[in-house]
Amino acid sequence: MVEAHLRAAIRAGLTEAEFWRLTPYNLSLRLQEMGRGRVEAGLYAGWFSERFARAKELRGPAHYISEWFQKPDPKGDEALAAAVFDRMAADWGLEVEPAEDAE
């Protein structure tokens, strides 16, 4: 069992010394996050590949990634969070009552 975990850690890019310093929980957490990061990177690469394949002309990289570096809009973020919360409540069959502001 230890050998399988060591192999997984090495495959994920950890050194053997790093592996032995980690608790099983921390090792598992690091492996999961490394895997999640690789999946996200693959999805981004696929998304950009598809987007570029459909574009009639390509623009500079800043055009495609600028939205990731913009400062968030608090009002827009609050509205999005409220919509997601309402959808989750509806999915679970719950009614949401607005909170009264305490003064």
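The largest nonpolar core has five residues, namely Leu6, Ala9, Leu14, Phe19 and Leu27. Such a core is a set of buried Ala, Val, Leu, Ile, Met, Phe, Trp, Tyr and Cys residues joined through side-chain atoms within 4.5 Å. The model is predicted: local features need pLDDT of at least 70, side-chain atom pairs count only at pLDDT 80 or more, and totals for chains, interfaces and linings use all residues. Residues are numbered from 1 along each chain as its sequence is written, and side-chain values use heavy atoms, with hydrogens and water left out.

Leu14 sits in the loop between α1 (2-11) and α2 (16-21). Helices (H or I, at least four residues) and strands (E, at least two) are DSSP runs, numbered from the N terminus. The relative accessibility of Leu14 is 6%, so the residue counts as buried. Buried means under 20% relative accessible area, exposed over 50%, and partly exposed in between (1.4 Å probe, protein chains only). Leaving aside neighbours within four places in sequence, Leu14 is in contact (heavy atoms within 4.5 Å) with Ala9, Leu22, Leu27, Arg30 and Met34. In soluble globular proteins, nonpolar side chains tend to be buried together.

A nonpolar patch was found on the surface. Leu80, Val84, Met88, Trp92 and Leu94 form this patch and together have about 510 Å² of accessible area. Patches are made of residues with over 30% relative accessible area and no salt bridge; like charges are joined within 9 Å, and nonpolar side chains (Val, Leu, Ile, Met, Phe, Trp, Tyr) within 5 Å. Areas come from the Shrake-Rupley method with a 1.4 Å probe, and for residues only the protein chains shown count as cover. Leu94 is placed in the segment after α5 (74-91). The relative accessible area of Leu94 is 52%, so this residue is exposed.

Aromatic rings were examined next. A search of the whole structure finds three aromatic pairs. In the pair of Trp47 and Phe48, the ring centres are 4.9 Å apart and the planes stand at 80°, so the geometry is edge-to-face. Rings of Phe, Tyr and Trp (its six-membered ring) pair if their centres lie within 6.5 Å; planes under 30 degrees apart count as stacked, over 60 as edge-to-face and the rest as tilted. Trp47 is partly exposed at 44% relative accessible area, whereas Phe48 is buried at 13%. Ring pairs link Trp47, Phe48 and Phe52 into a cluster.

Charged pairs were also identified. The structure holds four salt bridges. A salt bridge is a side-chain nitrogen of Lys or Arg within 4 Å of a carboxyl oxygen of Asp or Glu. One of them joins Glu3 to Arg7, with the closest N and O atoms 2.8 Å apart. Both residues lie in helix α1, four residues apart, about one turn of the helix. Glu3 is partly exposed at 49%, and Arg7 is exposed at 51%.

Helix α3 (residues 24-54) contains Arg36 and Glu33, three residues apart, about one turn of the helix. The closest N and O atoms of their salt bridge are 2.6 Å apart. Arg36 is partly exposed at 46%, as is Glu33 at 40%. Arg54 and Glu50 also lie in helix α3, four residues apart. Their salt bridge has its closest N and O atoms 2.4 Å apart. Arg54 counts as exposed at 66%, whereas Glu50 counts as partly exposed at 39%.
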